[in-house]
Amino acid sequence: DNKSHLVDISRFSSWSKLRRVVAYVRRFVNNVKGNGMRGCGKISAEEVREAEELLIKFAQTGLEALPKYSAWKEQLGIFSDEAGVLRCAGRMLHSSLEASRKYPILLPRSNEI
């Protein structure tokens with residue numbers, strides 16, 4: 001997937017700004033390709049959420065190929081959610097918190113995100 005090269009994430013000091021810029025870039029690419037309805041105007045919350053998912057998935061690329069991944073999977077209870085984002089199950093399994101708080105996202109330490 002070459003979409004990850006459209007935006008240099010090291011140039012952004014704010015997570016919020018990075019998500020918005022990626023959302024605008026995705027909208028532009030979709031408009032050029034003619035995929036679905038043409039977007040214009042302000043970025044929607046859904047577009048920002050999709051941009052965030054894309055950034056997280058990009059950061060997680062290659063994690064499953066690491067030699068330590070199988071040990072991490074067992075220790076941390078790593079699973080893929082409905083969006084394909086790797087999350088950790090843990091002691092908060094029976095908590096009444098919403099799933100996004102109950103199961104934290106797994107991110108590599110070395111990634112800028």
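**Close-up views of a predicted model**

**Figure 1. Cysteine 88 in strand S2.** Strand S2 spans residues 86-88, and cysteine 88 lies in this strand. The model is predicted. The relative accessibility of cysteine 88 is 12%, and cysteine 88 therefore counts as buried, the limit being under 20%. Apart from its neighbours within four places in sequence, cysteine 88 is in contact with Leu76, Gly77, Ile78 and Phe79, and also with Lys102, Tyr103, Pro104 and Leu106. Glutamate 52 is 36 residues from cysteine 88 along the chain, and the C-alpha atoms of the two are separated by 18 Å.

**Figure 2. Lysine 102 in helix H4.** Helix H4 covers residues 99-102, and lysine 102 lies in this helix. Is lysine 102 buried or exposed? Lysine 102 counts as buried because its relative accessibility is 14%, and buried means under 20%. Not counting residues up to four places away in sequence, lysine 102 touches Cys88, Met92, Leu93, Ser95 and Leu97. The contact with Cys88 joins this view to that of Figure 1, where Lys102 is among the residues in contact with cysteine 88. Between lysine 102 and glycine 90, which are 12 residues apart along the chain, the C-alpha separation is 8.1 Å.

**Figure 3. The second largest pocket.** This pocket has a volume of about 240 Å³. Helix H2 (45-60) and helix H4 (99-102) are the elements that give two or more residues to its lining. The lining consists of 14 residues, and those nearest the pocket centre are Glu53, Asp81, Glu82, Arg87 and Ser100. Which element supplies the largest share of the lining? That share, 4 residues, comes from H2.

**Figure 4. The whole protein, for orientation.** The protein has 4 helices and 2 strands, arranged from the N terminus in the order α-α-α-β-β-α. Along the principal axes, its C-alpha atoms fill a box of roughly 45 × 35 × 30 Å. Of its 113 residues, 25% count as buried; cysteine 88 and lysine 102 are among the buried residues. Among contacts with a separation of 6 or more, 42% are made by residues 24 or more positions apart. The accessible surface comes to about 8300 Å², and carbon and sulfur atoms account for 53% of this area.

How values were computed
Residues numbered from 1 in each chain as written. Predicted model: local features only at pLDDT ≥ 70, side-chain atom pairs only at ≥ 80, totals over all residues. Heavy atoms only, no water. Buried < 20%, exposed > 50% of the residue type's maximum accessible area, 1.4 Å probe, protein only. Contact = heavy atoms within 4.5 Å. Areas by Shrake-Rupley, 256 points an atom, 1.4 Å probe, with all protein chains shown as cover. 1 Å grid on protein atoms, 1.4 Å probe; cavity = no way out; pocket = protein on both sides within 12 Å on 5 of 7 lines; lining within 4 Å. Points joined across faces, edges and corners; volume = space filled by probe spheres on them.
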